[in-house]
Amino acid sequence: MTAASREHWNRWLASWDRQQEAFNPTREARFTAMMDVLESKVGRRFTVLDLGAGPGSFSARILRRFPAARSFALDYDPVVRTVGQGALGTFGGRLRWVDAKLGAPGWTAVLPRRKFDAAVSTTALHWLTPVQLSRLYWDLGRLLRPGGVFLNGDYLPWDRADRDLAGLGRATARLYLRRHGIRPHAEWAGWKEWWAGARRDPALRAAFAEHDRRAAGHPKDREVTLAQHVRRLRAGGFRTTAVVWQVFENRVLYAVR
Ligand SMILES: C[S@@+](CC[C@H](N)C(=O)[O-])C[C@H]1O[C@@H](n2cnc3c(N)ncnc32)[C@H](O)[C@@H]1O
């Protein structure tokens, strides 16, 4: 961790949350729904893997609500991990930060434990290619204990080849953001502003050097459909899959090992 203060990093974490809310005004409601499912299925004492955790927004909420839980926040971007580590630290020994690239061959080798009660992910897995996603779901099938649960909160599109659904996801998303007072493309402006501001922060210089070396920025949209996620989860050994929360294509996909 660099010498910058906890307050410094907390400001970056708070502004991260604000720009993420511009993409998803229901972000807090979605977090809450996911935690409700966790509590119903695995109780209040569990070990969870947070995939593509960014600066740890969801892990922090989980650890606040469940004082006996532990989280492993995994992300391959050193910039967001530096912010998260600075703002949240180890959360009294209950939060571990993991540097790994999801879906890359052998990514599970760096995990500090072999079994988890649950895995979660928010607004992250749409960054993965279909091949990486298949590998991830297969590996998750091995990492979760029998009865363990996986919850993915993300934009999980309808089938784009279906004429009646084509375009509906994007159109409803536009209307939804407008209703919440978010101007078209303002969400991306907020994202770009956050990254440009972070790049100017001297306390993040070393993290950005590594970020650039890894080319850890946002990739092109992958558009892996909901049906494709479900098929890959089944192939990975998950027995039950269901959408447990949704606003149009913004959904929480739930799977039981
Ligand atoms: C939009 S952010 C969401 C972060 C956080 N889950 C949240 O809801 O605020 C997506 C995160 O996924 C991470 N990510 C994307 N692909 C990844 C991969 N293959 N391995 C690890 N992290 C990845 C990115 O670095 C980024 O921090």
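How many of the 11 residues of helix 4 (residues 78-88) are buried? The points below start there.

1. Basis. This is a predicted model, in which local features need pLDDT of at least 70, side-chain atom pairs count only at pLDDT 80 or more, and totals for chains, interfaces and linings use all residues. Residues are numbered from 1 along each chain as its sequence is written, and side-chain values use heavy atoms, with hydrogens and water left out.

2. Helix 4. Of its 11 residues, 10 are buried, so helix 4 is largely enclosed by the rest of the structure. Buried means under 20% relative accessible area, exposed means over 50%, and partly exposed is in between (1.4 Å probe, protein chains only). Helices (H or I, at least four residues) and strands (E, at least two) are DSSP runs, numbered from the N terminus. Among the elements covering the buried residues of helix 4 are helix 1 (6-23), helix 3 (57-65) and strand 3 (95-98).

3. The ends of helix 4. Just after the helix comes glycine 89, with a positive phi of about 60 degrees.

4. Most residues other than glycine have a negative phi. Phenylalanine 91 has a positive phi of about 50 degrees; its place is in the loop between helix 4 and strand 3, and it is partly exposed, with a relative accessible area of 22%. Alanine 215 also has a positive phi, near 50 degrees. Alanine 215 sits in the loop between helix 8 and helix 9 and is exposed, at 59% relative accessible area.

5. Helix 9. In helix 9 (residues 226-235), the buried residues are Leu226, His229 and Leu233. Seen down the helix axis, these fall within an arc of 60 degrees, so they line one face of the helix; the arc is that of the directions from the helix axis to the C-beta atoms. The face turned away from the buried side carries the exposed residues Arg231 and Ala235. The buried residues pack against helix 5 (130-143), strand 5 (144-155), strand 6 (240-247) and strand 7 (250-256). Glycine 237 follows helix 9 and has a positive phi, near 105 degrees.

6. Asparagine 152. This residue is in strand 5 and is buried, with a relative accessible area of 0%.

7. The ligand. It is surrounded by 20 residues, and the closest are Arg27, Gly52, Asp75, Leu102 and Thr122; a residue is near a molecule if one of its heavy atoms lies within 4 Å of it. A polar side-chain atom of aspartate 75 is 2.6 Å from a ligand oxygen. A ligand nitrogen is 2.8 Å from a polar backbone atom of leucine 102. Taken alone the ligand exposes 600 Å², and the protein buries 97% of that; accessible areas come from the Shrake-Rupley method with a 1.4 Å probe, and for residues only the protein chains shown count as cover.

8. Tryptophan 127. Its place is the loop between strand 4 (116-122) and helix 5. Its side chain makes a polar contact with the side chain of histidine 126 (3.4 Å). A polar contact is a pair of N or O atoms within 3.5 Å; within protein, one must be able to donate a hydrogen and the other to accept it, and residues adjacent in sequence count only if both atoms are side-chain atoms.

Definitions and conventions:
Contact = heavy atoms within 4.5 Å.
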